[in-house]
Amino acid sequence: MIVVNCPHCGPRNSSDLRPCGEVTSRPDPATASLSEWRTYLYMRENPSGWVTEAWYCRSGCRRYFTIERNTATNETRRSEAS
Amino acid sequence: MPDIEFKSPIAHGPVSAPDGSVSLEDETSTTKVVVRAATGTAAAADLGVPYGQSRLRADGTLVCGTRPGEWTLFAAAGRATEVAASVDTDGFVNVVDVTHGRAMMRVSGPKATAMLAKVCDIDLTDDMAPDGAVFSGSVAKVTCDLLRSDWRGEVSYLISCERSFGNYLFATLADASTEFGAELPTGLDIH
């Protein structure tokens with residue numbers, strides 16, 4: 001079980017939430033090249049270590065938030081409302 | 001909002017233990033009005049309850065901060081039109097009567113917390129969920145809104161969920177109550 005700290009609801013079992021993956025920055029659709037757009041859509045860093053992820057609190061406040069999670073240990077820190 | 005005939009999705013009467021340690025009853029007929037209001041609107045200021053808390057208004061309506069920017073108003077049965085009309089809809093405000101769309105039940109008694117803890121992963125201790133606390137989470141794998149609303153001097157919770165899950169949730173909570181001596185009504189199918 002991973003305990004994830006929702007900024008609105010507090011600590012929750014991860015089964016109460018939905019992970020939405022790494023946070024990536026969206027390029028400008030008007031100027032982005034095909035390569036940049038493909039990288040935005042499909043490519044992820046997937047590090048063994050700390051990564052900033054978006055989560056959705058589906059059973060509680062029904063809000064998206066970001067949190068840093070260590071993919072090797074499942075420790076979490078710095079939960080912030082989106 | 002026309003008044004239409006009310007019919008509860010819960011097919012069984014109250015369940016209780018002979019010693020009163022836990023009881024479960026259908027409260028679906030309670031008026032339930034959901035309000036979503038943007039920050040800065042008159043409705044948000046009037047309702048005035050932050051997420052996770054509740055307060056009783058002078059007109060007998062219980063205002064619950066069910067989510068950030070969202071409130072659920074509970075009142076006696078048949079007051080939906082009146083309660084909805086009491087909300088100032090000026091600005092980005094949405095008011096919906098969900099009385100018929102959500103099932104609701106009350107769990108009360110000294111063993112209510114222990115019974116609920118069997119099927120709910122939220123910390124229900126007095127520090128985290130005192131009287132008046134509002135929270136949402138999984139109860140028997142059904143996403144529910146919960147309100148700690150102590151009643152007649154006893155610990156009590158109001159639990160509401162989507163209407164279609166109401167009968168299942170009532171039966172599952174009745175099943176969980178049997179450990180504390182609750183007697184199931186004839187015909188209640190729990191498996």
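Let's start with how chain A holds contact with itself: among its contacts between residues at least 6 apart in sequence, 49% join residues at least 24 apart. Keep in mind that this is a predicted model.

Chain A has 82 residues, and buried ones make up 16% of them. Its C-alpha atoms fill a box of roughly 40 × 25 × 20 Å, taken along the principal axes. Walk along the sequence and the pattern reads β-β-β-α-β-β-β.

Now for the sheet. Four strands of chain A form an open sheet in the order β3-β4-β5-β6, and the pairing is antiparallel. At the edges sit β3 and β6 of chain A, each pairing on one side only. On average, neighbouring strands here are turned by 30° against each other, direction ignored. Here are the strands of this sheet with their residue ranges:

| Strand | Residues |
|---|---|
| β3 (chain A) | 18–22 |
| β4 (chain A) | 50–56 |
| β5 (chain A) | 64–70 |
| β6 (chain A) | 76–81 |

Take a look at β4 and β5 of chain A: they pair in the antiparallel sense over seven bridges. A:A54 stands opposite A:T66, which belongs to β5 of chain A. In general, strands of a sheet pair through backbone hydrogen bonds, either parallel or antiparallel.

Then there's the partner. Eight residues of chain B are in contact with eight residues of chain A. What gives the largest share of the side of chain B that touches chain A? That's strand β9 of chain B (residues 134–139), with three residues. By type, the residues on this side of chain B divide into two nonpolar, four polar and two charged.

Definitions and conventions: Residues numbered from 1 in each chain as written. Chains lettered and ligands numbered in written order. Predicted model: local features only at pLDDT ≥ 70, side-chain atom pairs only at ≥ 80, totals over all residues. Pairing = 2+ DSSP bridges. Helix = DSSP H or I, 4+ residues; strand = E, 2+ residues; numbered from the N terminus. Axes fitted to C-alpha atoms, helices over the stretch in contact; angles between N-to-C directions. Contact = placed C-beta atoms within 7 Å. Nonpolar A, V, L, I, M, F, W, Y, C, P; charged D, E, K, R; others polar. Buried ≥ 20, exposed ≤ 12 C-beta atoms within 10 Å, placed from the backbone.
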